[in-house]
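Biologist: Could you take me through this model? I would like to begin with the ligand and then move on to individual residues.

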Amino acid sequence: MQRHQFGPTGREVSRIGQGTWRLDEANRASAVNTLRRGLELGMTHIDTAELYGDAELVVAEAVAGRRDEAFIVSKVLPSNASRAGTIAACEKSLKRLGTDRLDCYLLHWRGIYPLDETFGAFEDLRQAGKILSWGVSNFDVEDLEEALSVAGPGKIACNQVFYYLQERAIEHGVLQWCQTHGVAVVAYSPFGQGAFPHEASAGGRLLAEIGAAHGATSKQVVLAFLAREPWIFVIPKASSVDHAVENAAAGDLRLSDDEIARIDSAFPRRRWPGSLPML
Ligand code: NAP
């Protein structure tokens with residue numbers, strides 16, 4: 001599994017990680033087992049949130065006894081993101097996760113609280129050792145500019161955003177902004193919530209053909225395409241060990257410039273939709 005520097009954190013994080021949204025809806029033992037297997041295979045970046053029901057409890061079970069191997073990310077809901085509310089939400093997440101610190105803590109999306117309140121709380125938590133870094137999610141370029149002016153350089157670890165083959169809105173500015181400012185991009189919902197190209201479509205056939213050249217599946221090709229730059233990370237969610245094994249193997253798959261260009265033209269980015277799409 002390839003690892004890359006995660007923004008300004010000084011930490012090396014797995015290129016492919018593990019999402020946990022709706023993982024608590026799967027059989028608990030199987031979900032725990034899947035995360036553990038993923039961890040063993042190097043998918044150390046585990047993404048969760050207070051929003052995701054019991055997912056933090058599933059993560060707690062999966063990392064029990066091996067906390068140091070994982071890079072755990074959780075998120076505060078915008079409705080909790082006041083200065084005091086952020087600290088209280090973090091304490092609850094730490095308790096549910098059975099850990100004394102988060103590797104990274106994110107504002108899930110922008111809400112009513114001014115960024116200086118939320119970021120002030122993040123800094124308090126960081127100084128107390130309860131979070132080791134912090135970042136944002138679903139921020140477009142305007143939000144990122146404001147975040148940078150509030151936080152100053154070198155503070156925002158990542159921006160977690162919606163990114164899959166047929167939704168490439170972040171390529172209109174967010175990706176570039178993050179690269180320029182040393183902020184990691186974390187691509188969520190990389191399989192597009194069921195919108196994966198049909199294998200009989202022209203795009204589906206291309207993915208299969210490129211996969212065949214590498215002994216890889218179409219899903220692995222997509223993960224490698226999305227995480228084609230060292231500042232981009234991908235967090236597919238799997239609730240079966242087979243899926244976790246398949247996703248982890250994509251962590252060593254590198255596509256050639258020609259393959260990237262062919263995928264790029266088969267799934268062209270659409271016009272800027274006017275605002276950053278999010279789930
Ligand atoms: P996703 O990862 O794009 O897709 C999950 C679906 O793909 C599940 O049905 C899963 O099936 C299936 N799958 C996974 N690996 C597979 C494989 N190798 N082959 C075939 N199918 C496979 O969707 P997501 O859960 O929406 O996004 C991933 C993570 O991003 C979330 O879990 C969450 O942690 C994060 N996220 C963040 C935000 C945000 O606002 N920041 C929003 C959405 C998501 P099984 O479950 O059966 O394995």
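This is a predicted model: local features need pLDDT of at least 70, side-chain atom pairs count only at pLDDT 80 or more; totals for chains, interfaces and linings use all residues.

Biologist: How many residues surround the ligand, and which are the closest?

Modeller: The ligand is surrounded by 26 residues. The closest are Asp-47, Ser-189, Gln-193, Ser-239 and His-243.

Biologist: How do those residues divide into nonpolar, polar and charged?

Modeller: The shell around the ligand has 13 polar residues, eight nonpolar ones and five charged ones.

Biologist: Which helix gives the largest share of that shell?

Modeller: Helix 9, residues 241-249, provides the largest share, with three residues.

Biologist: Let us turn to the contacts. How far is the side chain of Ser-189 from an oxygen atom of the ligand?

Modeller: An N or O atom in the Ser-189 side chain is 2.7 Å from an oxygen atom of the ligand. For Ser-239, a polar side-chain atom lies 2.4 Å from a ligand oxygen. Pro-190 takes part through its backbone, where a polar atom is 3.2 Å from an oxygen atom of the ligand.

Biologist: What percentage of the ligand's accessible area does the protein cover?

Modeller: On its own the ligand has 910 Å² of accessible area, and the protein covers 85% of that.

Biologist: Back to Ser-189. Where is it in the chain, and is it buried or exposed?

Modeller: Ser-189 is found in the loop between strand 9 (184-188) and helix 7 (202-214). Ser-189 counts as buried because its relative accessibility is 14%, and the cut-off for buried is under 20%.

Biologist: What is the phi of Ser-189?

Modeller: The phi of Ser-189 is positive, about 50°, although the residue is not a glycine. Most residues other than glycine have a negative phi. Asn-138 is another case, with a positive phi near 60°.

Biologist: Where is Asn-138, and is it buried or exposed?

Modeller: Asn-138 belongs to the loop between strand 7 (134-137) and helix 5 (141-151). With a relative accessible area of 8%, Asn-138 is buried.

Biologist: A change of topic: what about Val-183 and Gly-173? Where do they lie?

Modeller: Val-183 is in the loop between helix 6 (174-180) and strand 9, and Gly-173 is in the loop between strand 8 (156-162) and helix 6. Val-183 is buried at a relative accessible area of 3%. Gly-173 is also buried, with a value of 17%.

Biologist: How far is Val-183 from Val-59, and Gly-173 from Lys-219?

Modeller: The C-alpha atoms of Val-183 and Val-59 are separated by 25 Å, and the two residues are 124 apart along the chain. Gly-173 and Lys-219 are 46 residues apart in sequence, with 26 Å between their C-alpha atoms.

Biologist: And Asp-242? Where does it lie, and is it buried or exposed?

Modeller: Asp-242 is part of helix 9. At 60% relative accessibility, Asp-242 counts as exposed, since the exposed class begins over 50%.

Biologist: How far apart are Asp-242 and Gly-38 in sequence and in space?

Modeller: Asp-242 and Gly-38 are 204 residues apart in sequence, yet 9.9 Å apart in space, C-alpha to C-alpha.

Biologist: Lastly, where is Arg-36, and what is its relative accessible area?

Modeller: Arg-36 lies in helix 1, residues 28-40. Its relative accessible area is 31%, so Arg-36 is partly exposed.

Definitions and conventions
Residues are numbered from 1 along each chain as its sequence is written. Side-chain values use heavy atoms; hydrogens and water are left out. A residue is near a molecule or strand if one of its heavy atoms lies within 4 Å of it. A polar contact is a pair of N or O atoms within 3.5 Å; within protein, one must be able to donate a hydrogen and the other to accept it, and residues adjacent in sequence count only if both atoms are side-chain atoms. Accessible areas come from the Shrake-Rupley method with a 1.4 Å probe; for residues, only the protein chains shown count as cover. Helices (H or I, at least four residues) and strands (E, at least two) are DSSP runs, numbered from the N terminus. Ala, Val, Leu, Ile, Met, Phe, Trp, Tyr, Cys and Pro count as nonpolar, Asp, Glu, Lys and Arg as charged, and the others, Gly among them, as polar. Buried means under 20% relative accessible area, exposed over 50%, partly exposed in between (1.4 Å probe, protein chains only).
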